[in-house]
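Visitor: I would like to go through this model with you, residue by residue where that helps. Could we begin with the terms?

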Amino acid sequence: MHSWKKGLWLFGVNFYISMFTFGGGYIVIPMIRKIFVQQKQLFTEAELLEMAAIAQSSPGAIAVNLSVLAGRRTFGIAGAWISAFGAVLPSFLILALISSCYDAFRTQPLINACLKGMEAGVAALIVQLVADMSAAIFRQKQKLPHVILPVTFLCAFVLEILAMTLLLFWCCVSLGISVIQHGKGSRV
């Protein structure tokens, strides 16, 4: 594929994903998986999980971060810039339109009903994503990822421990295990 066609395709894909995914960054992951991994086979599921982890831990919107990483993996630095522009442009255009008509949108029951319907769709996509990511985690041979998911769920939803506290705890645990394993000369 010619480089300008690849760039145009990359822009179009990211524009499409950003335009039709509502609900935040986690909704973008199944779309990128479908197009980049399953249809075009530009990278693997494992690479997508790595990129998702990096996108989550980087400052900024997860959706934009993941689009930039997918673009870079696909088409280098130019792909990262093209993907960033394609991912940000729909939101910019929608917000410009909505802010110019805010009063009209705010009072419309039909608009409110549509947004409530979108919430249900977003919830279903998040459930699917959690199921897919959980399956990928449980296929790993390491024991720590098997423990993190259920313990974090229990602590967050039953014991109501703050997410930041859990994140710091698991960071310390992971760092400690890495230091111990590095000291033994084994790979994490």
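Guide: Buried means under 20% relative accessible area, exposed means over 50%, and partly exposed lies in between, with a 1.4 Å probe and protein chains only. This is a predicted model, in which local features need pLDDT of at least 70 and side-chain atom pairs count only at pLDDT 80 or more, while totals for chains, interfaces and linings use all residues. Residues are numbered from 1 along each chain as its sequence is written, and side-chain values use heavy atoms, with hydrogens and water left out.

Visitor: Is Ser67 buried or exposed?

Guide: Ser67 is buried, at a relative accessible area of 3%. Ser67 belongs to helix α4; helices (H or I, at least four residues) and strands (E, at least two) are DSSP runs, numbered from the N terminus.

Visitor: Which backbone oxygen does its side chain reach?

Guide: The side chain of Ser67 reaches the backbone oxygen of Ala63, at 3.0 Å.

Visitor: Ser83, then. Where is that residue found?

Guide: Ser83 is also in helix α4, which covers residues 62–100. Ser83 is buried, with a relative accessible area of 0%.

Visitor: With which side chain does Ser83 make a polar contact?

Guide: The partner is the side chain of Asn14, at 3.0 Å. A polar contact is a pair of N or O atoms within 3.5 Å; within protein, one must be able to donate a hydrogen and the other to accept it, and residues adjacent in sequence count only if both atoms are side-chain atoms. The side chain of Ser83 also reaches the backbone oxygen of Gly79, at 2.8 Å.

Visitor: How far is Arg72 from Ser83?

Guide: Their C-alpha atoms are separated by 8.2 Å, and the two residues lie 11 residues apart along the chain. Arg72 is partly exposed, with a relative accessible area of 47%.

Visitor: Change of topic: which residues touch the most other members of the largest nonpolar core?

Guide: Of its 18 residues, these are Ile17, Ile29, Ile32, Phe36, Phe43, Leu48 and Leu66. A nonpolar core is a set of buried Ala, Val, Leu, Ile, Met, Phe, Trp, Tyr and Cys residues joined through side-chain atoms within 4.5 Å.

Visitor: Which helices supply it?

Guide: Helices α1 (3–20), α2 (28–39), α3 (45–57) and α4 each supply at least two residues of this core. The most comes from α2, with six residues.

Visitor: Which residues of α3 are buried?

Guide: Leu48, Met51, Ala52 and Ala55 are buried in α3. Seen down the axis of α3, the buried residues fall within an arc of 105 degrees, so they line one face of the helix; the arc is that of the directions from the helix axis to the C-beta atoms.

Visitor: What do they pack against?

Guide: The buried residues of α3 pack against α2 and α4.

Visitor: Lastly, how many disulfides are there?

Guide: A search of the whole structure finds zero disulfides, a disulfide being a pair of cysteine sulfur atoms within 2.5 Å. For Cys155, the nearest cysteine sulfur is that of Cys172, 14 Å away.

Technical notes
Contact means heavy atoms within 4.5 Å.
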